[in-house]
Amino acid sequence: MNAGIVGIGKYIPEKALSNSEIEQILDTSDEWIRSRTGIGNRYIAENEETSDLAYKAAQQAIQNAGITAEEVGLIIVATVTQDQNFPSVACQIQERLGISGCGAMDISAACSGFIYGTAIAKQFIESNSYEYILVVGVEKLSKITDWNDRNTAVLFGDGASAAVIGKVSEGRGILAFELGADGTGGKHLYLNPENHISMNGREVFKFAVRQMGESAISVLEKAGLTKGDVDYLVPHQANIRIMEAARERLGLPEEKMSKTIHKYGNTSAASIGISIVDDLAEGKIKDDDIVVLVGFGGGLTWGALALKWGK
């Protein structure tokens, strides 16, 4: 039996930060931000840490899966904004969930982290190592954002998503995945000595436009599928122009691509899971749909999943 997503959840902090509010602190405008990124709003965690966001999304995913926390055998948290270097966010939420003795680890693949974590979970589920694995993508990017840098400050928001990975019925679940990285591109997106995000926007944009499309096509080929088989695309919500390039590469109409960037901004490892939760609520993803998840991030990393939705 294949591994698949059997439960999913998200958590968004309470404080919204709109483009009009950013206009008050930076030399920019709502029109400039929207036209170049597609972002209209983002949320900031004021009195919550990364582990708080992760825990709340994890609770929702476990409930959605219809299991108890004690049934989770492994916790994988994808983040680049841990509360501290250690203990890991995974260990912190393990304690808060009241799970005794299960494995727990953090991974660092930036915005590709949710896909990396899910691909790792697939291997353990299909080898019968665990019955259920909790994968969390979470970021508190506000704490590493330079709020004086208009090139990056307008982009990022905080949030968390979580998925329970388990066995699903025959034909459903994760059909194929692709993971990759190009360490030579790390200099284009990194944490500078001031502990702020630094980005060469032009180089990251060129990389992302190329890689998102290539990864989506590659993972379909690995799954024995074609572009015509795709029912829905969930790209990492980084920049609307990058997302549109991936959609056009697959030949999909606009209504078949997830778009939540206007609501939440770029939430890095959390963004794909957050989008799935919203899309399910709106009926955009249905059982037996062929769904492609694709992302890119600092490292530079990339990843893609092709799955047939449903338990």
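A: Definition first. On a 1 Å grid over the protein atoms alone, a pocket is an open set of points with protein on both sides within 12 Å along at least five of seven lines, and lining residues have an atom within 4 Å of a point. A volume is the space filled by probe spheres set on the points, which are joined across faces, edges and corners. This is a predicted model: local features need pLDDT of at least 70, side-chain atom pairs count only at pLDDT 80 or more, and totals for chains, interfaces and linings use all residues. Residues are numbered from 1 along each chain as its sequence is written, and side-chain values use heavy atoms, without hydrogens and water.

Q: OK, how much space lies in the largest pocket?
A: About 720 Å³. It has 33 lining residues, and Leu155, Phe156, Leu189, Met199 and Val204 are the closest to its centre.

Q: Which helix gives the most to that lining?
A: Helix 7, with 4 residues. It spans 201-222. Helices (H or I, at least four residues) and strands (E, at least two) are DSSP runs numbered from the N terminus.

Q: And by class, what is the lining made of?
A: There are 19 nonpolar, 10 polar and 4 charged residues. Here Ala, Val, Leu, Ile, Met, Phe, Trp, Tyr, Cys and Pro count as nonpolar, Asp, Glu, Lys and Arg as charged, and the others, Gly among them, as polar.

Q: Switching to packing. How many residues has the largest nonpolar core?
A: It has 44. Such a core is a set of buried Ala, Val, Leu, Ile, Met, Phe, Trp, Tyr and Cys residues joined through side-chain atoms within 4.5 Å. Buried means under 20% relative accessible area, exposed over 50%, partly exposed in between (1.4 Å probe, protein chains only). Helix 7 gives the largest share, 8 residues.

Q: Which residues have the most contacts inside it?
A: Val154, Leu233, Leu250, Val292 and Phe296.

Q: Why does the pair of Phe207 and Phe296 tie parts together?
A: Phe207 lies in helix 7 and Phe296 in strand 12, so the pair links parts 89 residues apart in sequence.

Q: Is Phe207 buried or exposed?
A: Buried, at 6%. Phe296 is buried too, at 5%.

Definitions and conventions
1 Å grid on protein atoms, 1.4 Å probe; cavity = no way out; pocket = protein on both sides within 12 Å on 5 of 7 lines; lining within 4 Å.
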